[in-house]
Amino acid sequence: DKHCVRAMQLAGLAKLRMKKFNEASDLFKTALDIEPDNPSHKLNLAGAQKESGNLEVALELVEDVLNSYPDSIDVLFLKSSFLRAADRPIGSARVSNRILKLDPKNERAHLEKISTLFSASIYDATLTACDQAVESGVRSAQLWNIQGTAYMHLGKHFEALESFEAALSLDPSNKTAIANAAGLVAHTCDWKRKKHLESLALNLTLDAIEANDTFTLTPFTALTLEISSQTQKAITDHYVSKILEPANPAILAPVYPPGSFVKRIPKDRLTIGYLSPDVKNHPVFHLANNLFFHHNPEEFRTVCYSSGLDDGSEYRKHAIETCDVFEDIQLRPSSEVIENILAQEVDILVDMGGHTGMGRIDIAMARPAPVTIHFLGYPGTIGGGYVDYFVTDHYLSPPGSENQFSEKLIYMPDTY
């Protein structure tokens, strides 16, 4: 009976809103048994399966609908969103390309493709996608903000500032563009605008902290401001809770929760993983050039996780030659890297990027190793209480400054 099927569909949608995903799935399955060719039942069931964590089943259902309706833009958008949820950004971007072949000026498809590529840290492809969107007539502050941030990650500061100024020309009160521009003006030596933009961005951030709003300066930008360490930590904690945690669910379900005791079977060597965006001709690896070489191979096994660009430099080649295992993770999703760290049975994970440009601090914050340490690449707290230790010295962190860090401090005798 059509009325009965309609009632099942409405009841299933109600169960979805109530987050009773298994009950919703049962109702949609029953409706589908009665009307096996009805695409609405398949898509509703796909949505329920996705919410239950059964992403592959959800994708199969969506693909089944696309076999009958290959040019349905709405269904293609749904598939793209499921692929993003499954941490498959390249697949999602390809679906966006399918949509754009059908509708070259589709602004939503352009912006989703740009966002997906950017979130996967594929910055050159992000910039190409931005140019294609502009050529198609897209005018969006979101586009210019992502383009500017991609330029920032590639060290192209003047181009980045132009992008943020374009965003502000469309939306003069755009908070994201203000915060990003404030972080750039010192790089471009634009001293006239520096104080104004920094003051504006700082006041917006402090208001957001008080109001529990999502706007925030990045911790790295906050490090450059003339503010107290307590304010710096407050901004960092706010950034972690409002930006990093919502974007990276693995952080909220750490493999080894902070403070937990882990008993492992004794082994001959400890495995230490080093996570860095700067395994290249960069000040961090000018200092850490012989880091792996000086580990006693009878006691330690070293794994280097490089999230930055391969510049072909001697610094990078030396790191590859002297560590035991080298993993280039620039284009690999965080979930895959976390699985690799677990498979490598890393005992201590040392993050060397912190809240810097191409750092992957979300990986360390997901705690795929029993002990996590931050060292060298970022001279401030990571925030949120996810990292155990911070390697520092008495100049950077004078005695009495412990409350300015969410980590326990490990002091080097001279300088870190």
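## Surface and overall form

The protein exposes about 20,300 Å² (Shrake-Rupley method, 1.4 Å probe), and carbon and sulfur atoms supply 53% of that area. This is a predicted model, in which local features need pLDDT of at least 70 and side-chain atom pairs count only at pLDDT 80 or more, while totals for chains, interfaces and linings use all residues. Residues are numbered from 1 along each chain as its sequence is written, and side-chain values use heavy atoms, without hydrogens and water.

Along the principal axes, the C-alpha atoms fill a box of roughly 80 × 60 × 45 Å. Of the 416 residues, 49% are buried, meaning under 20% relative accessible area with a 1.4 Å probe, protein chains only.

## Nonpolar cores

A nonpolar core is a set of buried Ala, Val, Leu, Ile, Met, Phe, Trp, Tyr and Cys residues joined through side-chain atoms within 4.5 Å. The largest has 42 residues, of which Ile114, Leu143, Leu197 and Leu217 touch the most other members. At least two residues of this core come from each of helices H7 (107-119), H8 (123-135), H9 (141-153), H10 (157-170), H11 (175-184) and H12 (191-211); helices are DSSP runs of H or I, at least four residues, numbered from the N terminus.

Another core, of 24 residues, lies apart from that one and includes Val240 and Ile338.

## Gln232

Gln232 lies in helix H14 (residues 229-247). Gln232 counts as buried because its relative accessibility is 9%. Beyond its neighbours within four places in sequence, Gln232 is in contact (heavy atoms within 4.5 Å) with Pro219, Ala222, Leu223, Ile227 and Tyr378.

Note on methods:
Buried < 20%, exposed > 50% of the residue type's maximum accessible area, 1.4 Å probe, protein only.
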